[in-house]
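Have the structure open as you read.

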Amino acid sequence: MMVQPIPPSTDTDTDTAALALDVQGLSVEFPTRRGTLTAIEDVSMQIAPGEILGVVGESGAGKSITGLAVLGLLEAPGRIAAGSVYVGGRRVDQLSEAELTKIRGREMGAIFQDPLTALNPLFTVGKQLVETIRLHSDMQRKEAQDRALELLRSVGIPAPEERLRQYPHQFSGGMRQRVVIALALAAGPRLIIADEPTTALDVSIQAQITALLRKLCDETGVGIMLVTHDMGVIAETADRVCVMYSGRVVESGPVADVIHAPEHPYTKGLMAAIPSLHDRVETLSQIDGSMPRLNARPSGCSFHPRCPHAGPKCSIATPPLRKVDTTYAACWLQQGGTR
Ligand code: SF4
């Protein structure tokens, strides 16, 4: 059974209304006693309804911080220092915590790596779904129960009538993540942030979950930000991709173009590191070195100590993101060739 499509937005204040997500020039800082650390800088990305944007990079690239900033879930003392975030045309980065709490769940849902953190072990799955649906709608209990059943069916849980009466510990890891996806969809959000949603699951289950996200995205029109370190998952699932390195977007574009003709040397390294389905590994052995720490970012292009093509200019000046054919890349190689 298909989940009901999302109705058109009626609460918009800019021409970004047509987008599920519009992030412009977002920077996030963490003030410390030794100075201010910049976690992400000048990050921009858009997601259309029914589109999956893959946000990819190694650990420390800033991709999860970007997702948390959009959700308004940055841990103190982290703060948005610049930029704007619009979800379905509504600016959300300046809302109070109380306003954000209302928006979260209704306008934007979240799926994290460990489904157990999103589920209360003390309540049945049915109760959690019904309460979430009623919190964000004016549905009566019976109507909400029907909706919960429909949601469990839509995420591929067999015998949903029976499953509604069960507790999270009675579900396998993959089935639990399906329940979390149902919870994220419960209020018909415009945007879902899915942060490493398959990383904790068996390889055989991972493909089922990413296929489910794709199906639900197509059926409901929700926009999905799929955060992952795995370029293979992006290749299989996303429409467009943003590659992040050291807090910045270094390449973005349609997934097929970025995969078949990556412009940025870091993206090329990620592509070379896609393991076969039977040999998934966490490390990206094809790129020597590691992601710089927040307090030790190299000058100029942060990738220059690891880049096989680095020239004198690369350690002095930060390359801007510029259009290269059908994609955008932040690399001096593509911008006049002098580096
Ligand atoms: Fe490599 Fe220079 Fe391009 Fe950075 S700007 S990716 S160091 S060639």
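A quick definition to start: a cavity here is a set of grid points, over the protein atoms alone, where a 1.4 Å probe fits but cannot get out. Its volume is the space filled by probe spheres set on those points. Keep in mind that this is a predicted model.

**The cavity and the ligand**

Searching the whole structure turns up three cavities of 30 Å³ or more. The largest cavity holds about 90 Å³ of space. Its lining is made of 15 residues, and those closest to the centre are Cys301, Cys307, Cys314, Cys331 and Trp332.

So what takes up the space of the largest cavity? The ligand does. There are 14 residues around the ligand, and the nearest of them are Cys301, Cys307, Cys314, Cys331 and Trp332. Those five names are also the ones closest to the centre of the largest cavity.

**Two backbone spots to look at**

Most residues other than glycine have a negative phi, and most peptide bonds are trans.

In the loop between helix H1 (63–71) and strand E4 (79–87) you'll find proline 77. The peptide bond joining alanine 76 to proline 77 is cis, with omega at about 10 degrees.

Further along, alanine 159 sits in the loop between helix H4 (141–154) and helix H5 (160–163). Its phi is positive, about 45 degrees, although alanine 159 is not a glycine.

How confident is the prediction, on average, for the protein chain? The mean pLDDT is 90, and 91% of the residues score at least 70. Among the elements of the chain, strand E3 (residues 52–56) has the highest mean pLDDT, 98, while helix H2 (residues 97–106) has the lowest, 90.

Two stretches deserve a separate mention. Over residues 1–14, pLDDT stays under 50, and the model has 36 contacts beyond four places in sequence for them. Residues 280–284 also stay under 50, with 11 contacts beyond four places in sequence.

Definitions and conventions:
Residues are numbered from 1 along each chain as its sequence is written. This is a predicted model: local features need pLDDT of at least 70, side-chain atom pairs count only at pLDDT 80 or more; totals for chains, interfaces and linings use all residues. Side-chain values use heavy atoms; hydrogens and water are left out. pLDDT is the predictor's confidence in each residue, from 0 to 100. Helices (H or I, at least four residues) and strands (E, at least two) are DSSP runs, numbered from the N terminus. Contact means heavy atoms within 4.5 Å. A residue is near a molecule or strand if one of its heavy atoms lies within 4 Å of it. On a 1 Å grid over the protein atoms alone, a cavity is a set of points where a 1.4 Å probe fits but cannot get out, and a pocket is an open set with protein on both sides within 12 Å along at least five of seven lines; lining residues have an atom within 4 Å of a point. A molecule sits in a cavity or pocket if more than half of its atoms lie within 2 Å of its grid points.
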